[in-house]
Each structure stands twice: as C-alpha cells, then as structure tokens.
Amino acid sequence: MISFENDYTTGAHPKILQRFIDSNFESLSGYGTDSYSKQARNKIKLACACPNADIYFLVGGTQTNTVIISSLLENYEGVITANTGHIQVHEAGAIERTGHKILTLPEQNGKILPEQLEQYLSSFYQDNNHEHMVFPGMVSISYPTEYGTLYSKKELEQLSQICHFYQIPLYLDGARLGYGLMSREADLTLPDIAQFCDVFYIGGTKVGALCGEAVVFSKNNTPKHFFTQIKRQGALLAKGRLLSLQFDTLFTDNLYYQISKHAIDMAEELKKCLKEKQYSFYLESPTNQQFIILENAEMERLKKQVRFSFWEKFDANHTIVRFATSWSTTKEEIEQLKEIL
C-alpha cells in the first residue's frame, strides 16, 4: 500500500529529528523564551525581510486559525473567506465556536477575487440596515488554496489594498506555504506576503515538521495580550523548544525551500503519470495537491493499493479525489503508482 493521502502522513525531516536528539538534555526555559526560539524568530524575520515582525509558535493549523481570527475580531464581526475555505469546510466549526460568523464568497478555483471582495464590502456599507448585520471584520485566504491553486502577486496586492481601504486585516493561512512559494507558477515571495498581509503563518506540520506553525505579525499589529490568548485557547506548549527548534532547523540553509521544491518536483511527476494514463483532472493545480475525477468503480479498485483522499462527489457515477505529494515523497512511490495505474 502506497500513500498519497495527504502531506503529513510521515513524521519529520531527519535533520529535525537529529536536532531533537542533540539538544535533548539541554535545560531550557519554557513557553518560547528559550535560545532556539530567539534564533528561529531571527531567521524568519530575515527570510521575510521584516526585521520588526512579531513571531509566535503555535501547535497546529486549526488552533492557529482560531486564535488569530478570534483575537483580531470584535465580538460583532465575522471573517470573510471563500466558500471552499478551510475554516469554512474542514475545521469542525472551530471559528463559530468562538462566537464569530464565517462570511463566505463564491470561490473561483478556490480563490476570492479582488472584484468580488470589493463588491461585497461596498454593498455591505451601502445597505441602510448594515447595523443589524454581522460586520465584515477581516479577510482570510489560503496560499495555496484548498484546491492547490495560487494567488498571483497582483491579486494579493489588490486584496491588500481593498482591506486597507476598509480598515480590516488581511490574513493568510500558510499551512502549505512552502509548496506555494516553490511552485513553478508562483510569482510571490515570502517578503511579498509579509508586505501585503497583516498577519500570516508559515506552516510546519505539512512541510517537514512534526507539528507547529509560525505566526507572523508584520505591521506592528499584534493583538493585545496575544500570548495569553494563545494559552487560553490551548495552542501554547510549555516546552516551546519543541516548536521553535523545528523552525530554526527549517530556516537554516534554506531547508524549508529545498524540501518544498522536492514536493513540487514529485507533484509534476505525479501529474505527468496521471495524464499519461488519461485520467481527467478536476482543475489544474500548480502545487502538491492534484485533483482527479474517478469513476466510482475505478476508485474502489485503486483503494485496495493506493491511499488518497475523498474530496467531493462529481456526479452519481464519479468522485473527485485528491493525490498529494510531500517533502518525503519518493520517486520510487511515483513508479509504484504508475505500475498500479
């Protein structure tokens, strides 16, 4: 059985595991006040070209989204996202649990388009009854999106300008950020994201770490008592070194970019394989997630030898499934898949 189920089925990059072993008996202070946390923050600031950024290490993606969104919103505000956005579809109501409504816009290949956002916000304030409604308090996007697609630099800049005009923050979920940045079609860099977004996070869980995400506030805009909010919502580790040591390793000698590029290279091999076997793609993804349409009987056949993810029903006889590569995908696994197909 080979797995293309997701990009976090394996453990951590060997260099991270080795760092854990080497530092295991060091006595360090907790909650992100240790020397490795300081080193990791400095390396991330350098990578973002944002020397004044505030950086925090949280345990996972859902906790990160929940803490950031609930900390930035007033109690009468909601968060705008695509109707396929992760916080809307696959986070079990974590945002709503904090008392904030998710305000959805129709997706275009997984994305919110700038003109859509402008129309939504202008219509809201033109409505004479808007004081009776949930105020749009921020915008949340993912890079890559849930369908592996990418925002262009122009699109991100336009979204940023719209958010700035309406005085609401733009938040970027970067669970798979490395795979987006290293896509062959990407025209965004980490400094670009730091420039255009008010807050974002650099995903570790899906990009080579055992767990953990690095939150970056790039505009001197960290919410009041954010550290307390992290702890209050269960996203803080006493052994903060566990998270920061991983990011210190990932941002040493460009490891984060190297392993992300490997996942993209493997995804391109996967796409070539699927196209050669004449499978139909649901859309063209330039990142590590590939979505194909399978006839249901074929899907059941493949399940016996390959692990992949159900995504959604296409029609009564076909299903959209996802194949994902990761930092640890091997060429041998791609060859095995060819033989099975």
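In this predicted model, strands β2 and β8 run antiparallel and are joined by 5 bridges. Within this pairing, Phe57 stands opposite Ala214 of β8. The two strands belong to an open sheet of 7 strands, in which the pairing is mixed and the order is β2-β8-β7-β6-β5-β3-β4. The edges of the sheet are formed by β2 and by β4 (residues 102-105), each of which pairs on one side only. From one strand to the next, the twist averages 25°. Towards the β4 end of the strand order, helix α6 (residues 114-126) lies across β3 (77-82), β4 and β5 (135-142), and its direction makes an angle of about 170° with that of β5.

Helix α11, which spans residues 241-250, is largely enclosed by the rest of the structure, because 9 of its 10 residues are buried. The buried residues of α11 are Arg241, Leu243, Ser244, Leu245, Gln246, Phe247, Asp248, Thr249 and Leu250.

The start of the chain was examined next. Met1 lies in the segment before β1 (2-3), and this residue is exposed, because its relative accessible area of 63% is over the 50% limit. Apart from residues up to four places away in sequence, Met1 touches Lys303, Lys304, Gln305, Val306 and Arg307. Although Met1 and Glu333 are 332 residues apart along the chain, their C-alpha atoms are separated by 10.0 Å.

Across the whole structure, a search finds 14 salt bridges. One of them is formed by Arg176 and Asp7, whose closest N and O atoms are 2.5 Å apart. Arg176 lies in the loop between β6 (170-173) and α8 (177-181), whereas Asp7 lies in the loop between β1 and α1, so the pair ties together parts that are 169 residues apart in sequence. Both partners fall under the 20% limit for a buried residue: Arg176 has a relative accessibility of 7%, and Asp7 has a relative accessible area of 1%.

A salt bridge is also formed by the side chains of Arg184 and Asp265, with an N to O distance of 3.0 Å. Here Arg184 lies in the loop between α8 and α9 (190-196) and Asp265 in helix α12, so this pair ties together parts that are 81 residues apart in sequence. Arg184 is exposed, with a relative accessible area of 57%, whereas Asp265, at 22% relative accessibility, counts as partly exposed.

Helix α12 also contains both members of another pair, Glu269 and Lys272, whose side chains meet in a salt bridge at 3.6 Å from N to O. An α-helix has 3.6 residues a turn, so residues three or four places apart point the same way. Glu269 and Lys272 are 3 residues apart in the helix, and they are therefore separated by about one helical turn. Glu269 is partly exposed at 30% relative accessibility, and Lys272 is likewise partly exposed, with a relative accessible area of 44%. Elsewhere, salt bridges that share partners join Arg19, Lys43 and Asp248 into one network, and Asp248 is also among the buried residues of α11.

Key: Residues numbered from 1 in each chain as written. Predicted model: local features only at pLDDT ≥ 70, side-chain atom pairs only at ≥ 80, totals over all residues. Heavy atoms only, no water. Buried < 20%, exposed > 50% of the residue type's maximum accessible area, 1.4 Å probe, protein only. Helix = DSSP H or I, 4+ residues; strand = E, 2+ residues; numbered from the N terminus. Pairing = 2+ DSSP bridges. Axes fitted to C-alpha atoms, helices over the stretch in contact; angles between N-to-C directions. Contact = heavy atoms within 4.5 Å. Salt bridge = Lys/Arg side-chain N within 4 Å of Asp/Glu carboxyl O.
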